[in-house]
Structure formats: structure tokens, C-alpha cells
Amino acid sequence: MIMTTTNLNQRSLLGLKGMSASELTSILDRAAYWDAHTEKQVSVLQGKFVANMFFENSTRTRVSFEMAQKRLGAEVLNFTSAASSVEKGESIYDTVRTLESMGIDAGVIRLKPAGVLQQLAEKVSVPLINAGDGNNEHPTQALLDLYTMKRHFGDMKGLRVAIVGDILHSRVARSNFWALTAMGANVSFCAPDNMKATDIPDMKYISMEEALQADVIMMLRVQLERHASGMIQSAEDYRLHYGLTEDRATKLKPHAIIMHPAPVNRNVEIDDALVESPKSKIFTQMQNGVPIRMAVIERALRN
Ligand code: CP
């Protein structure tokens, strides 16, 4: 098949901004299909080679992509920049072109800088799946978050979702905002002034008290590695003002759920006792990452 730019774009997944509700729903439905599939491994992608290219650390995303690829019967190549020629100064573009020239059929890629992935995708001829690029987007995380909400509530239309914490540095917040808004949810943000972002039009900021009234409270990790010094006074101070403490959790609606993309800073943005509490969907989110990534990989490699 000759790969045109249009069908390559349809198979790549660079972000959720601009994706329609029907396309989001088709990915969620396909994930539900794989979720219900009892066979642990199928041969749908037999003979296809997928490279996982992580230029930034990851546990959940990297492992669940590999799990998804292997469940679909694909051949998996794992590339980590720390053990590669990137350490000798090779660029991201040259690295991706190298793997492409060796015959990969698709690439999953995580990058530290935002704004590079689009240019990269325009220069290569294999579909690319964004596994998180800087503070721009983390589309498969948001898809698994939507899938978790859909499974719990049935529908996202009118669902009140409060995303709390380090919005400025969060690709998870951005991807969730685009996708949840497309699905008709009511998304608000809660953050200290120095962690607010201004790049999303119509962003609505609410207080912590208001966030506790939501149907879904999504806590974000304080991304200390991306902070300029002094963004938070101390972990305890942050917890006091913006943490989901056990005391605050008593004010949540009876039907509300707690989400967090993880990794979690226990006792900073969320109290230790809440991480595995009955309202928490944190480990369910991780579980849902596998069928979501099966659906996304299959979409990238379909004929
Ligand atoms: N949620 C998430 O992206 O986790 P990892 O950084 O471990 O992949």
C-alpha cells in the first residue's frame, strides 16, 4: 500500500486535540472489545514490527504498550535512550529514521520536548503514537482515563471532572481536556497560581472546595523534575493547600471517583490511605491502559 500523508495521519496518534467524539468512541469501543477478549494472545499483528522509543523514563506507558503489542502478536523492539547512541549525541530524528530504515512498521515515542513530534511525524513514513511529549499531550493516558470513566458512569456527557494540581506541566491535563470536552463532559481545573496554564482557551479554574463537588476528581503528580526551583514551598505545604487529604475526601460526593495518572507522590498530592481506597480508580486506570493501547496499536497497523 502506498502511504499518503492523509492515511498516515489517520493512523498516527499525535494528540487528541481536534479528535471527534465519534473517533474517540470508536477507539473506546475497540478497547472494550479487547478488554472482553478472553484469549491472552492473538495473531492479529503477526509479522508486524513495532518499536517503543522512550527518550524519557516511563513504567506504565512503556510496559502496557509492550503488553498490548505482545497480546496482539506483534514483534516488539524496545529502545531506551540511556542505552543508545543518543548518549553519543545522535538526534531524535536520526534515531527514528534509523529504526525506520531497518523496517519497523510503527513507532511508539515518548519525548521530553513539546512541539517536536509533529515535525518528526511529517518526516517519517511509519505511523507514530505519542506516548507523552513534554507538557503537550499524552493521548493514550487520556483515552484510558475516558475508558475508566465510561465504564464507571456509562456516559461522559455532563460529567463534572475536576483536574487538580500541576496543570502547567501536565500533558495528561491537556489531553483529558480536549477529549473530555469533545465527549460533552464539563472539565474544570484547580491549581496554585504558579501552576496554572494559559494555553487552553475556555479553561475554567475553581477552588479546591469546588473541586470536591465533582463526579471525578483527577489528582496530578507534582512534577518536581520539571519545576524551576521554588515552585512549591514544601511537600507538606502543597498537601495542605492542594492535596487530596483523608479529611478532604470525606467531602466527596458518595458516587464520586478518584483518579490519578501515576506515578503518585503519596502524601503530597494524595494521601497514602486514599490511593487504594474504594473510591480510587488508580490501579483500574493502569489495567485499562492495556486494552486502550491494543486498540491504538491496531488502528496504527490496520491495512
Ligand atoms: N502515567 C504515566 O504516563 O506513567 P509513566 O510515566 O510511568 O509511563
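How far is an oxygen atom of the ligand from an N or O atom in the side chain of threonine 61? The distance is 2.6 Å.

This is a predicted model, where local features need pLDDT of at least 70, side-chain atom pairs count only at pLDDT 80 or more, and totals for chains, interfaces and linings use all residues. Residues are numbered from 1 along each chain as its sequence is written, and side-chain values use heavy atoms, with hydrogens and water left out.

**The ligand site**

Ser58, Thr59, Arg60, Thr61, Arg110, His138, Gln141, Pro261 and Ala262 surround the ligand; each has a heavy atom within 4 Å of it. By class, this shell has 2 nonpolar, 5 polar and 2 charged residues. Ala, Val, Leu, Ile, Met, Phe, Trp, Tyr, Cys and Pro count as nonpolar, Asp, Glu, Lys and Arg as charged, and the others, Gly among them, as polar.

| Ligand atom | Side chain with the N or O atom | Distance |
|---|---|---|
| oxygen | threonine 61 | 2.6 Å |
| oxygen | arginine 110 | 2.9 Å |
| nitrogen | glutamine 141 | 3.1 Å |

On its own, the ligand has 260 Å² of accessible area (Shrake-Rupley method, 1.4 Å probe), and the protein covers 91% of that.

Alanine 262, one of the residues around the ligand, sits in the loop between strand 8 and helix 11. Its phi is near 65°, a positive value in a residue other than glycine. The peptide bond from alanine 262 to proline 263 is cis, with omega near 5°. Most residues other than glycine have a negative phi, and most peptide bonds are trans. Helices (H or I, at least four residues) and strands (E, at least two) are DSSP runs, numbered from the N terminus.

**Two packed helices**

Helix 2 (residues 21-36) packs on helix 6 (residues 139-153) at an angle of about 70°. Their axes, lines fitted to C-alpha atoms, are 10 Å apart. The two helices are therefore roughly perpendicular (65 to 115 degrees). Their contact residues (heavy atoms within 4.5 Å) include Leu24 and Ile27 in helix 2 and Leu143 and Tyr147 in helix 6. The contact divides into 8 nonpolar, no polar and 4 charged residues.

How values were computed. Axes are lines fitted to C-alpha atoms, for helices over the stretch in contact, and angles run from 0 to 180 degrees between N-to-C directions. Angles under 35 degrees count as roughly parallel, over 145 as roughly antiparallel, 65 to 115 as roughly perpendicular and the rest as oblique. A polar contact is a pair of N or O atoms within 3.5 Å; within protein, one must be able to donate a hydrogen and the other to accept it, and residues adjacent in sequence count only if both atoms are side-chain atoms.
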